[in-house]
Amino acid sequence: MSAVLTVKDLGISFGSNHVLKSINFELNENEVLGVIGPNGAGKTVMLNILTGILKPTKGTISFQGKEISHEGVTERCRGGIGRTFQVPRPFEQMTVFENIMVGGVFGAGMSEAEAKQKALEVADVIKLDDKLDLFAGKLGLLDRKRLEIGRALATEPKILLLDEVGGGLTESEVGLIINLVKEIKSQGVSVIWIEHIIRTMLEGTDRVMLLADGVDVITGAPLDVMNSSEVKKVYMGGGDDE
Ligand SMILES: Nc1ncnc2c1ncn2[C@@H]1O[C@H](COP(=O)(O)OP(=O)(O)OP(=O)(O)O)[C@@H](O)[C@H]1O
Ligand SMILES: [Mg+2]
């Protein structure tokens, strides 16, 4: 398997708060890598570093064999790194269709015609094709999550970074999101999926990484990691989580 993303010795501190000390991992082609870890472990911070929003204190990021640590947010997005935000932030006064189009036009730099075409394709994948003209502010939580994913997909990512897209959803809705991620993967997109919900990790990922105390504590097959002594220690020893 070849790596589409390679992260080496990534670290970041905010003053004396050493949130990430040394993160090392690879994301393979056609892989969903789950990321778990307690609240405040630095999972979202890691995504923000990968997309260029935050500058790391140390470390390197290679994407498709090319070092991208010096690239800014726009360059990385156009290069193929798409992401969702932990709290979905659609433009509430715009329609579903317009929201998805924004991803194509501003995220990927498409022409309006290209972005329209792309938005139609994406709406189909995220199953909002029957709600194209609804204002995003009127959507329920599941559809907001879908739209959040759709806005990222409209940038035509090679890798998609998901930050707790399953949070707050019902059991059956979580199942729909798991299926959606599988479909996205089948289209050749590699995924990093941060989530607290155990089922998403067991059913929706190929490998899982535990992030705690600023390091990648253990990475491996989902069931092995979820049953590991490392996970038990982190969640039972320190844990207000799960
Ligand atoms: N821009 C910032 N400036 C200073 N500190 C920050 C900044 N962003 C995050 N932090 C700190 O980094 C730590 C990790 O936060 P982060 O949001 O990455 O956690 P998380 O693992 O995503 O947690 P959760 O599971 O609750 O989403 C926290 O202590 C947070 O206060
Ligand atoms: Mg977070």
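The largest pocket of this predicted model has a volume of about 510 Å³. On a 1 Å grid over the protein atoms alone, a pocket is an open set of points where a 1.4 Å probe fits, with protein on both sides within 12 Å along at least five of seven lines; its volume is the space filled by probe spheres set on the points. Of the 21 lining residues (an atom within 4 Å of a point), Cys-77, Arg-83, Phe-85, Gly-107 and Thr-155 come closest to the centre. Two or more lining residues each come from helix H2 (73–79), strand E6 (81–83), helix H3 (96–107) and helix H5 (141–153), with H3 giving the most, 5 residues. Helices (at least four residues) and strands (at least two) are DSSP runs.

Turning to ligand 1, 14 residues surround it (a heavy atom within 4 Å), and the closest are Asn-39, Gly-40, Lys-43, Thr-44 and Val-45. Taken alone, ligand 1 exposes 640 Å², of which the protein buries 62% (Shrake-Rupley method, 1.4 Å probe). Strand E2 (17–28) and helix H1 (43–50) each give two or more residues to this shell, and H1 supplies the largest share, 3 residues.

Residues are numbered from 1 along each chain as its sequence is written, and ligands from 1 in the order written, with chains lettered from A. Local features need pLDDT of at least 70, side-chain atom pairs count only at pLDDT 80 or more, and totals for chains, interfaces and linings use all residues, while side-chain values use heavy atoms, without hydrogens and water.
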